[in-house]
Amino acid sequence: MNRKLLSGNGWRIGWNPTAEQFSGLVGGDTWAIELTHSEFKDFCRLAQQLRSTMADMATQLMDEERLSCEQETEAIWLEVEGFPTHYDLRFILLLGRKGEGAWPAIVVDELIKAIEQVAP
């Protein structure tokens, strides 16, 4: 598997399978944090699960209804908040060095599509 780094307006995501400790990278325009293999794997999986949950909720809510959904593992916590088709994404690292980051709704769809291309 080769090293990958993708970026767009307001987001960055990368994967380097040969890195010794921090093989994943997530970031925005002005920030970035490296993630361990397990943190990055959890981040990718949870972000995709939350996207699926939000899509499923679209048929259950009225157009003006907002919601918040969260998921976590031992290593990372993720939350989406907004409308089922347009929502912010936020994460907090729970172990070791700690860290957090967030993306506004305008970039989340593109970021999650990139996760599908980069995820280990």
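Tutor: H2 lies across S1 and S2, running at about 10° to S2; helices (H or I, at least four residues) and strands (E, at least two) are DSSP runs, numbered from the N terminus, and contact means heavy atoms within 4.5 Å. Angles run from 0 to 180 degrees between N-to-C directions, with axes as lines fitted to C-alpha atoms, for helices over the stretch in contact. The model is predicted, with local features requiring pLDDT of at least 70 and side-chain atom pairs pLDDT 80 or more, while totals for chains, interfaces and linings use all residues. Residues are numbered from 1 along each chain as its sequence is written, and side-chain values use heavy atoms, without hydrogens and water.

S1 and S2 belong to an open sheet of 4 strands in the order S1-S2-S3-S4, with antiparallel pairing; two strands pair if DSSP finds at least two bridges between them. Its edge strands, S1 (4–8) and S4 (32–36), each pair on one side only, and the twist averages 15° from one strand to the next. S2 (residues 11–15) is joined to S3 (residues 22–27) by 4 bridges, and Ile13 has Val26 in S3 as its bridge partner. H1 also packs on this sheet, touching S2, S3 and S4, and its direction makes about 105° with that of S4.

H2, comprising residues 105–118, also lies across S7 and S8, at about 75° to S7. These strands are part of an open antiparallel sheet of 4 strands, ordered S5-S6-S7-S8. S7 (residues 86–93) and S8 run antiparallel and are joined by 5 bridges; Ile92 stands opposite Glu100 in S8.
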